[in-house]
Structure formats: structure tokens, C-alpha cells
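Colleague: I would like to learn how to read a model of this kind. Could we go through it one feature at a time?

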There are 2 protein chains.
Amino acid sequence: MPQKYIFFDIDNTLFPTSQFLVRADENAINAMISRGLACSFDDAMERLRKIQEKKGSNYSKHFDLLVKETNGRRDLKIVAAGIIAYHNTKNAMAPYPEVLGVLMRLHDKGHKLYIATEGIEIKQWDKLIRLGLDMYFDKVYVAKQKNRAFYEHIMKREKVAGKECVMIGDRPDKDTWPAMLAGMYTIRVKRGKYEKESARGKAHKEICDLRNLPEIIEKL
Amino acid sequence: MPQKYIFFDIDNTLFPTSQFLVRADENAINAMISRGLACSFDDAMERLRKIQEKKGSNYSKHFDLLVKETNGRRDLKIVAAGIIAYHNTKNAMAPYPEVLGVLMRLHDKGHKLYIATEGIEIKQWDKLIRLGLDMYFDKVYVAKQKNRAFYEHIMKREKVAGKECVMIGDRPDKDTWPAMLAGMYTIRVKRGKYEKESARGKAHKEICDLRNLPEIIEKL
């Protein structure tokens, strides 16, 4: 079997990102209520959702806004309690249970493993290190936006052809479809926030977890 | 015995700040070396010291600079590993062993307990919450710079006279001397980074830890 260049997405592919973010928000809200955030848990969660929708992904400002909106004034004690609870939840993040074994088997077979992810580079490194996975990957590619050009750029940098590459991710629009356009073999894993999104025509194969990945790649 | 208004400094008064910061830096350096920082532990510590002296207190930029200086190029994997190790050390911070008991005894005696500290407000709250001490204090005063005007401002806000107040801290120049000028009774605790600094004429009393604080205050 020829050596393959295997590219993985991180979020909701290697670990349950959506679950963790919800749990981190819940723990933060509980910590803030215990320090004086003056509303119910459900109200606070709803307000936080609205702030997140309006403001994007910088959570510390979210908590600031939530406190100001709810209590009518700034209170850094409450904000600090929320941030600590949020980070403590993040400290407990772990990969999906099958991930470590699968990466080790692929690595032992002589495949080259890469990350191809979207986001802020240091934040993606932070996740890989906390997950204990950083040493399994030859290189990490981080794009501001995952599109066909990003996957073409990677292949050029690695001096490989599309047919030598496999891209695995949860999002048809970001992970499999643009990689497919760039000529890679693509596998969509159905889990996380985008589980219900259709991948019809946007991935070569769909799986529910990564357990059988070594066998699938063996047969390519 | 009359009720007193008792003000505490945080750093090196309630917990061994200097020790923790050194340990956090050491753990960060070890994590960075394990991810490819190309120098010895001692060299890295010395370089980090120099960067800290030159640049002030924003540690994430320190690690960035250290990696660039040492390896000749940016490497966010190494930086992320350093930041994680640094924060994990911070997560383990704990008060000096006698602190919790002393605060509880003072609180039970009906004294009002406050924090009077210098620094960035949210960072000081972060420490108090991680130390598990935030609920013992009626209010937290944070100054950009601790001087006589700061202590006078506190007394005005609390509507109390100097003779009803006690200020406890490790630094003669920041904690006891300016509070003394403002009319407070001052107690200097000799520990941490400034242990060897003389408090001659700059504090009413010197102690080595907080164990006997309730008795000292009883006799005022």
C-alpha cells in the first residue's frame, strides 16, 4: 500500500469541540451566578448566546457584556470567576476516544499525518497540545478560510498530488468539498454541530467516527 | 475590642507570588524545550529574565520573543506549549498555609476585611478567586500605584479614620509606609521577593507570617 498524506481537521473531528464549548459556557455561567450575576441560569445562557451571535468569538468580552447587561454595572469579580471556570473546563478537553489509537496505527503504517484547520494558529496549537496530539503530526496548516486554494497551497508546499492525499473533517463546506475540488480523496465524519448537514456529492465517503480509518485508507 | 478595618495586600502577603512566578517560568521553559526550543534550561531562563526586564509583564509576548531569539524564527507550537505550562502552574496556586484560618478568625471577630492592592483589577480578582479567598473580603481596592493618596481615598470611601484601620503587606515602600503616612496602623510581613528590604521607620510592626495577626489586632 502506498504511503498517503493524510490531513485532519481539528474541531469536531479530533475532539468534541461543540460539546466542550457549551460545557465551558455552562460552567462559566454557574460560577458567575455564584459570584453575583443576577439572573437565572437559563436567562444567562440565552443572553450569552445573543451576545456571542452579535460579537463573534472573544469570550472575555462576552462575559463583561453579560455582567454589565444583567447587573447594570461592571463587576470584574464576576467576570474573573467566569473566565476561570471557562478555562478550567478547557483544561479538561480530551480527544474522541478512538483518535489516539487511530493516529498511532496510521503513523506506524508509514503515512504522513497533517493538520489542515481553520482559525487562529496559536489557538489551534493550544488545542493540539492540550489534547496531547501535537507530536503525531508532521506539520500543521492553518488557514483563515478553508477553500480550494488552501488545499492547493498545501499540496504545492508538500510537493504531492491530489491522489496521494486524504482529507478528513466534519464539515462538507470547509473540509471535504473544497479539498475534493483540489483533487484530494475526502472523508466526512458525521459528528458535532454540523452532523446534520448533508454532504451529498461533497465527500467521497461518510463515516460516524474514525475507528475504521486505517482500513479505509488501506483499500484506497 | 473595637471593630477594625483591616486591609491586606495580595502578592507575597496572602500567597507566595514570587515563588509561583519562578515555578511557572521554569515549567514553561521545560515545556518549550520539549517542543523544540533550541537551548539549555539555564540559558533559556537567563534569556527570559533579560526579556522580562526589558519588556515588563506580558508573558505571552515574552515567550514569543524567546523562541524567535533562540531558534531564529517564529514557532507558535513552542509558544503555545509554554503558555499552557505557565497557566497550569498558575492553576495550582494556593495561599500561605496560615492565611485561611487567620481570615476566618478575623471575620468571626466582626472585623471588616479588605484588599488594598496594586495592579490590573481583573488579574487581582483572578488571583483571589483561584486562591479561594474572594468571599472573605468586603471590598477590593486596586490602585495603579499604591501611595498615600490611595490609602486616603480608601478611608474616605469607607468613611473611616486612620486609627480604625490596619494595613498589612510585604512591601515597606508600597504597603506600610504610604499607609502610615495616611494615618493607618501598619504591619509588615517579611517574606517573598522584598523580604530583605528594610522597613525601619516605615511600619509600626514587623512579623514573619500572619499566624499571630488576630492577637496583635486584639491588643491594638
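Predicted model: local features only at pLDDT ≥ 70, side-chain atom pairs only at ≥ 80, totals over all residues.

Colleague: How far apart do the C-alpha centres of domain 1 and domain 2 of chain A lie?

Modeller: Domain bounds are taken from an automatic or database domain assignment. In chain A, domain 1 covers 5–16 + 96–218 and domain 2 covers 18–91. Their C-alpha centres are 31 Å apart. Along the principal axes, the C-alpha atoms of chain A fill a box of roughly 65 × 30 × 30 Å.

Colleague: How many helices and strands does chain A have?

Modeller: Helices (H or I, at least four residues) and strands (E, at least two) are DSSP runs, numbered from the N terminus. Chain A has nine helices and six strands.

Colleague: At what angle do the axes of helix α1 and helix α4 of chain A cross?

Modeller: An axis is a line fitted to C-alpha atoms, for helices over the stretch in contact, and the angle, from 0 to 180 degrees, is taken between N-to-C directions. The axes of α1 (residues 17–34) and α4 (residues 76–91) of chain A cross at roughly 145° and come within 8 Å. The crossing of α1(A) with α4(A) is right-handed; that is, the near helix is turned clockwise from the far one, whereas a left-handed crossing has it turned anticlockwise by less than a right angle.

Colleague: Which residues make the contact between α1(A) and α4(A)?

Modeller: Two residues are in contact if their C-beta atoms, placed from the backbone, lie within 7 Å. Among those on α1(A) are A:F20, A:A24, A:N27 and A:A31, and α4(A) contributes residues including A:I78, A:A81, A:A85 and A:T89. An α-helix has 3.6 residues a turn, so residues three or four places apart point the same way. By type, the contact of α1(A) with α4(A) has 10 nonpolar, four polar and two charged residues. Here Ala, Val, Leu, Ile, Met, Phe, Trp, Tyr, Cys and Pro count as nonpolar, Asp, Glu, Lys and Arg as charged, and the others, Gly among them, as polar.

Colleague: Where does A:F41 lie, and which residues is it in contact with?

Modeller: A:F41 is in helix α2 (residues 41–55) of chain A. Apart from neighbours within four places in sequence, its contacts are A:I29, A:N30 and A:I33. The C-alpha atoms of A:F41 and A:I29 are separated by 6.8 Å, at 12 residues apart along the chain.

Colleague: Does A:F41 count as buried, exposed or partly exposed, and why?

Modeller: A residue is buried if 20 or more other C-beta atoms lie within 10 Å of its own, exposed if 12 or fewer, and partly exposed in between, with C-beta atoms placed from the backbone. A:F41 counts as partly exposed because it has 13 C-beta neighbours inside 10 Å. For chain A as a whole, 40% of the 220 residues are buried.

Colleague: How are the two copies related?

Modeller: Two copies of a chain are related by a rotation about an axis and a shift along it. Copies are superposed by least squares on the C-alpha atoms of residues with pLDDT of at least 70 in both. Chain A is superposed on chain B by a rotation of 180° with 0.0 Å of shift along its axis (RMSD 0.0 Å). The two copies are therefore related as by a two-fold rotation axis.

Colleague: How many residues does each chain bring to the contact?

Modeller: Chain A and chain B bring 13 residues each. On the side of chain A that touches chain B, α4 and α6 (121–130) each supply at least two residues. That side has eight nonpolar, no polar and five charged residues. The copies meet through the same surface, because 100% of the interface residues of chain A are also interface residues in chain B.

Colleague: Why is helix α6 of chain B called largely enclosed?

Modeller: Seven of the 10 residues of α6(B) are buried, so the rest of the structure largely encloses this helix. The buried residues of α6(B), including B:W125 and B:L128, pack against α4 of chain A together with β2 (112–118) and β3 (139–143) of chain B.

Colleague: What is phi of A:K159?

Modeller: Most residues other than glycine have a negative phi, and most peptide bonds are trans. A:K159 is not a glycine, yet its phi is positive, at about 55°. A:K159 sits in the loop between α7 (148–158) and β4 (165–169) of chain A. With 7 C-beta neighbours inside 10 Å, A:K159 counts as exposed.

Technical notes
Residues numbered from 1 in each chain as written. Chains lettered and ligands numbered in written order.
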